[in-house]
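Subject: Structure for you to look at

Hello,

Please find the structure below, followed by notes on what turned up in it. Keep it open while you read.

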Amino acid sequence: MLALNNIEVVYDNAILVLRGVSLAAKAGQITALLGANGAGKTTTLKAISGLLHSERGEVTKGSVEFAGERLDRLPPHQVVERGIVQVFEGRRVFANLTVAENLTAGAHTRRDRGTVKDSIDRIFEMFPALAERHNQAAGYLSGGEQQMLVIGRALMSNPKMVLLDEPSLGLAPQLIEEIFAVIRRLKEERHLTVLLVEQNATLALTIADHGYVMENGRIVLEGPAAALQQNSDIKEFYLGLNEAGARKSYREVKHYRRRKRWLG
Amino acid sequence: MLDLPWRFIAILLANGLLVGSMYALVALGFVLIYKATDAINFAQGEFVMFAGFLAAGATHLAGFPWWISALLAVLGMVVFAFGLERVVLRPLLGRPIIAVIMATLGLGFVLRGVATLAFGGGTQTIPLPVGDEPVLLGPLILPPIQLVGAGVSLAFLCGFGWFFLKSRIGVAMRAVADSQQVAMAMGINVRRYFALAWALAGVVSALGGVLWGAMLGVDNQLALVGLKVFPVMILGGLDSILGAVVGGLIVGVVESLSAGFLDPLVGGGTKDFIPYLLMIAVLMVRPEGIFGRRRIERV
Amino acid sequence: MAIAFAGLAQAEDKTILIGMQCDRTGPTQVVGTMLCPGTHDYIDLINSQGGVDGWKIDASEVDTAYQVPPAVEEYEHAKQQGAVGIMIYGTPQTEALNQRLEQDKMPGTSPGFGIAASGDGQYYPYLFPIAANYWSQGAAAVKFAKDQLGGSLKGKKIAYIFYDNPAGHEPMPVIEELSKVEGFQLQTFAVPPPGVDVSSQVLAIAQEYRPDFVIDHTFGKSPALIIKGLKQNGYPLTHVVALVWASGEADIMGAGGWSVAQGYNTMQFAGAGEDYPVIKEIQAMYKKEGKEPPAAMKSTVYYNRGVQQGALWVAAIKNALTLTHGQKPTPTDVKKGFEMIHDFTLGGLNAPLTITADDHEGGGWVKIFRVKDEGFVPETQWFRAYRDLIVDREHKTAQQMAKAN
Amino acid sequence: MSAPAPIGTTLPRLLRGNAERAPQRTAMREKNRGIWQPYSWRRYWEETRDFALGLAAAGFARGDKLSVIGENRPRLYWAQLAAQCLGGIAVPVYQDAIASELAYVLDHAETSVVVAEDQEQVDKVLSLKARLPHLRLIVYDDPRGLHDSSSPLVRSFEAVQAAGRDFGKTHPLYVEAEIDKAAPDDVTLFSYTSGTTSAPKGTMLSHANLLFSASSMLAAEDVRPTDEWLAYLPMAWIGNSLFSIALHLLVGFTCNYPERPESLQRDARELGPTAALAPPRYWENLLTAITVRAADASRMKRLCFDFFRRLAERGERLKASGGTLPPWLRAGLRLGEFLVYRPVRDQLGLSRARWAYTGGAALGADTFRFFRGFGVNLKQIYGATELAGLCALQPDHAAHPDTVGPVLPGCEVMTTPEGEVLIRCAGVFKGYYKQPEATRDAITAEGWLKTGDAGFVDQHGHLVIIDRAKDVGKLADGTVLAPQFLENKLKFSPYIGEAVVFGDRRPFVAAMIAIDPATVGNWAERRQIPYTSFQDLSARPEVHDLIRGEIERCNAVLPPATRIRRFVVLNKEFDADDDEITRTRKIRRRFVGEKYAAVIEGLYGGRGEVALSAAITYEDGRKATLQSTLAIVAVEPPAEAQTEPAYA
Amino acid sequence: MFHSETGVFKTSYAADMALLPLPVARWAVLGIALFFLFVVPLVFSAYLLTLVNLVLIAVVGAIGLDILTGYTGQISIGHGGFMSVGAYTAANLIVRLGVPFWLAIPAGGLMAALIGIIVGIPSLRIKGIYLAIATLASQFIIAWTINHVTWISGGIEASIQVPPPSVFGWKLQTPEQLYFFLLFFAVLAIVATLNLMRSRIGRAFIAIRDQDIAAEIIGINIFRYKLYAFAISSFYAGVTGVLYTYYLGIANYEQFGIDVSINYLAMIIIGGLGSVLGAVFGAAFITILPEATRLFLTHFGGVLFSQDTIRTLVPNLTLILFGGLIIFFLIVEPEGLNRLWRNIRNYFRLWPFSY
């Protein structure tokens, strides 16, 4: 459904952030994109959603194709119109707008303005906590509620595909489970295609169908989620497990890293 | 009862309020742009001047009646603002604040040069059909042009306020103001809204240009109105329309009173910097201005 | 060898160069854009008639935007190109160039502005105000008020509204001194630069202080706004007298036109209006060339002052050429030429101006024109007031300055 | 050139002598946070002495072994010298060795003290503790993460020195006395051979061995006390011990240590070493980097570079064939020197280098010519661990890609009827530690060292090395095949990272190629060829076409019989962790042949693809298996071939 | 291409901080020094020297503003005010007490620094645009004070005439004499700033500019360093004011209006923010631009326009060029002339590669 072909992303005409990144997300599946901080995951999402332009970034080579159409030259609002919507990490609500206004803003690209109200109601059904606070400024919601709001807001555009950036970041474990349950439900019930960027690889690989690993702006490994869960490097570097399969503790922090092989 | 010259105070107050509401109109131009695009338009004064020149030029060079001239000024400023946003401001998106400040300052110079070359160096008038005979209101003597100006200003300020709060475009504009990037991700064509904000600022400038131009006459110096408006919008809060109104009124009154009472004591000229002193005092207490929104800094 | 752009503009053989400064883009551009064309037109007129004893005059103009550094820079430039003198524009510029003029023995003119004390030719040998300075203007305004108010100012209230910069302050001591002499009450009202907003000052004058007479010494936009404001507040403009830089057509137009400003008294050191032979000659020159006379000519007050400035320079050069017997004059020759100007009226455009080695002001003559119908109508003859007091003041100040340096 | 007088001294005595003669001269510089911190000879000596005292205090005695493990750091040198001062033996080991390798060497050498660079190495050694019964002490240099190490074995370098100074108070002149006890013939260094063929062997080298090599080198080459030497080679490599210890002590030049391996290129440029030694791999990588950088430069620069590169190559070929350069070419080269060659040398940090060596393996002729053309005085040297590093080098006037120059003064050379090169000199080693049979296999009764290399001496008296004797094979039709020659030709292509060529007793020549991920990745991006990982990239048909093109270019200058007819592109890089290459990056051809036997069969089997099942070893010892299918690509024979003689 | 960087390494931190690590740079600086010491005064006409002198004065002010705005990230639209503080302080000292220049200049600078600190106090609470406007306010307040407090302004004319500076009894009056005087201070400003920026204070400034909250976290007392920046920057401005005063022979606050503040901002923008060299380039560029425009149009504009048109064209075109160039640089080359220079330098430095 979505295919990135060998894209190169350059910021400020000078800083090369992504080199030759290619990946594919199949319709109705959850595709996980793993990698350490600064590996280029978010940049990849922005290359898809067109938001690079606003940060002086540019897809200088390669192409992004969605349902057979080139996306890489499109401005973000046209990408949303094509059915892809990005959810930022860090729960970026419109803090000064109310919950309802946030959702209204999410439906900006929709032509069928009459049904926006119904959609808002459906979001409220999905997230009852939001309904209670529909008139409150979104900035005052709790972290979990804000995460629900940004997902709900993204759904307001009736997307075919959602790019989810670190939905678990900074949330309590219980909330994370809740959010991931929602993601799984969206896939199963709405047949939503999801490209999920996560540092929490354990979690991501449990709900994903396929996974990619990025490092220094390149894809270094790909494979079905189940296979990746078994990969030695993945275990070591993303699942945080040592040989014995036990979790490493912070006391064992090392000033060096093991050589990675990235062989699948 | 204190032995104060009450009538004089009333006159000063009225004068201050009238002038202040016209300040508010020019400040609105700043606020619109700042709210939507995070940019400060240091050429707002030159916008007003340029609009004034357009209106005066249309009257004097082409002989149009005042209302066509005013309309032409509005149209001209909208077209100009659109073009400006595209050519100058868009490339500067996301750049440090000083870049936008300097670009608009530079723009100011260009506008001054162009206006003088195009319309000549002398002072031109905009003949609005407003009489010169003062309006007597009880003890008050009110210049009619100021009354008209204040009326038009307040009407527009109310209109804009409603537009922002209630309309779908208003919600989108506020979303853009809240976070450009997120708005973009929601499919809001941020550039279009930037252009819209500049265009609206163009409309406001055109109104300001016609009103202030009619009051002061149109020449290069009209741009200096822009300098008067800084304390207005900072006092009110850069991103608040209500703030622009209140700030305008406060500055108008403070200026008027200080000129009336302080000037004779210290030898004059206080009204130029008293608003700035007030502004600094307010900033020290509330850095975001009276109605401004506190911005949360992310590390 | 000197690298200079001078080579680009090799002066023709028989050309006398005058440096000319102007403000066409700065705060006083309203004046500059009207005045400077007048000077150029007069010099063009003389050149078109074959120049002065066969010498063409070249006034090389530079826009300083009322800034001092460009003025100094351009002065040096003009000096290097061999200028015989410099037309200064602006009071701060005059002050900055004063020492240089003396050092370089280069005459400079500052008509109607500059250092008031420089009327004293002993202490300011190379500076020529060649028109009534601010002190003379202030004194004349008081005299005019006195005459208008029936010959006595005792117990009367006079408002002095001024542009709040050094030039605006300048006449103040004289007027204050006269208030003691004449026994009137004086209150001052400052208009802060850039003077785009005078409403509260006008209110204070018209509504609060309510003087018997107003002396207006403002520049730029302010005069127009003051006229309009006083009018709107019901104050009679016949009781307002403006000093020379608040007395132009632009001020009347800015206020809303002749009809608004009816009765407004303007002070001039060059005649207002078009009814002078020299203006007619310039118009004829344009006609002959098949061109429209410049728009600046419509603004007779400033334009005529420009013409006057040009004419005085031409006169000085003519005198200098008699000293050199037709040889190219030096700056010092031109200085002497200025000091030989005697009873120079320019067909009534000027007061009968006489410049001597002692008196570089030329007598301090002014004339009041009142706005009537669609123009300026002379209200007085050429006159001057409290001359002894002014001259005395010039001497004292000049002495002080000389001591300080 | 006369044979150098035998040097009857030891390394520690040289150190002490240098410290006395020139205490203030700079002996070492260590780049730390951008600054080249200098150490004087006195400091070198004093630090070494203190550490030796500390070792003595810890019970380190004559004959004990001390291992250093890490990047080039002054302290690791001090530690080696300290051990040698006490009559101990220094056993440097490869810092990137995986656990099993390390365990083998440390155990085999019976190392009692390990001086490790940092936490990583300490952890590695600690994890092997159970397998190292002789290990008594682990000393670390960089304390990060080690301050509160719970192991009683672990101590900081400073702590050992401090203990040593205390020991010194009660034992004045202890170290000096120990130094004086030593004889030049004492074994002082174990250099574990890179072992292209089998498990590493501990080559025992004496002071005299090392100093012979160093002094004969000194006789043959322009080495000056003012030289700036950059020590970045693996410490376990004999070449490094020879240059950075023996020659350093003998000549007294300055040894400089780069900040980190990653900053080597920049540090080299800053320092501008006046002489350089690097293995072929380094020069190959450098050439690839230059080619890529030149290709990425702006048009004007690129045209300029390309033009003068061709000119240089032309000049080199002319010179090699003994022709004289026409005046226009001479002028062109002079212009090129100003416009391209000197700036490039400057960019590489080679503009001060009077000479540069490539050694340890053969360097492709094209690469060799390239650098010479660019004004780098690149020369081949030949040596072996068993010869304390060095036995032949090219004089300036006879640099040639195909020879390794005359043997050094004091060395003798002969070839066996089978074509194996034998060397005899004072540098010949003392034997393999604990392996007398192997020693007997290596040294003949007459004291000749069997180098294991096939070669001959040409008419100018220059030694020519063809390949490892065991690797030289014959095609089924009897054509002699020197795989290394072909491999070096292949590796001249910037796209080919490693190549292994087969053909012994086979009907034709086939190759296994590992692509250079950087350049091929770049190439793929430029051509809009999508790929995800290295594996994916290697499997791209476009990449196969690219490699086929490169091979065809290579074939064009080969005799038809030795042309490569089929190849596979491997989907992993050759990795020392997987034993496929040595730590000095030489192909273990035999091992590779066994490991990839299935692939090789596939290459000759005529099928279009072959299944690969390759074992992978992780650094910490975990193993995994890579399962995949490789495509076998056939190379069309070129229509018309212009051949260049291959050594056969 | 023309020089070698191989073998240029540092064995101490002092060497690492050296201003001119590369031999080629040392030669270049020597060449420039010879040019300014001999070629300029001997070859340039008095008029060109006048221009150079103005550039030299502007260099001091531009560098000063760059310390605050370019290096520390605090925008000031009030530098004209600080200059007038310096000018009047010095003028009063010179005229009333007969203070020599070597006292008057630092005194002017110090007074300006004091005022700068006061103006900088709001930077504790406010930043960015708000601070910019607060500095603008200071400009108005300073101007008003000078204009109205005759004790400062020396009389209602608010202009103080100042005798030329005298060095060992020599009065410096001609452009040639003033040239060396001003050159000394410009060079002093350049060298002092280069050294300042390599110091702890300089690094703190840059840290505050780049990420003030992060700077605070790593223990930089932001407020104190911001005040340092204001103080140092306004010290330079004060010195600039004194130099102007000596140069013009008059202290006049009207010469230090908002336009001057904006001019200086334009200098550092066009030159390239946060670079001493950029400030020098910018100062030269902005000072020469109007002259160049005028000379060009008066000499070559005659082909297209009448002299009268040119007289109106010149000043307005200068304005348009001035504003247009600011915008142009901001959009096309935000790092200014300094970046252009570096690009040229790097082109050859990396020759024959591009990185």
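Across the interface of chain E and chain D, the rule finds 0 salt bridges (a salt bridge is a side-chain nitrogen of Lys or Arg within 4 Å of a carboxyl oxygen of Asp or Glu). This is a predicted model, in which local features need pLDDT of at least 70 and side-chain atom pairs count only at pLDDT 80 or more, while totals for chains, interfaces and linings use all residues. Residues are numbered from 1 along each chain as its sequence is written, chains are lettered from A and ligands numbered from 1 in the order in which they are written, and side-chain values use heavy atoms, with hydrogens and water left out.

The same interface has 8 residue pairs in polar contact, both residues at pLDDT 80 or more. A polar contact is a pair of N or O atoms within 3.5 Å; within protein, one must be able to donate a hydrogen and the other to accept it, and residues adjacent in sequence count only if both atoms are side-chain atoms.

Chain E brings 23 residues to the contact and chain D brings 35 residues (contact means heavy atoms within 4.5 Å). The two chains bury about 2500 Å² between them, 57% of it on carbon and sulfur atoms; buried area is the accessible area (1.4 Å probe) that two parts lose on being put together, summed over both. In chain E, the residues that lose the most area to chain D are E:Thr6, E:Phe9 and E:Phe353, together 28% of what that side buries.

Next, the aromatic pairs. Over all chains, a search of the whole structure finds 66 of them. Rings of Phe, Tyr and Trp (its six-membered ring) pair if their centres lie within 6.5 Å; planes under 30 degrees apart count as stacked, over 60 as edge-to-face and the rest as tilted.

Why is the pair of D:Phe190 and D:Tyr433 tilted? Because the planes of the two rings are at 40°, with the centres 4.5 Å apart. D:Phe190 counts as buried at 1% relative accessibility, and D:Tyr433 counts as buried at 13% (buried means under 20% relative accessible area, exposed over 50%, partly exposed in between; 1.4 Å probe, protein chains only).

D:Phe370 and D:Phe371 form an edge-to-face pair, 5.2 Å centre to centre with 85° between the planes. Both of these residues are buried. Ring pairs link D:Phe370 and D:Phe371 into a cluster whose members also include D:Trp283, D:Tyr341 and E:Phe353.

Regards
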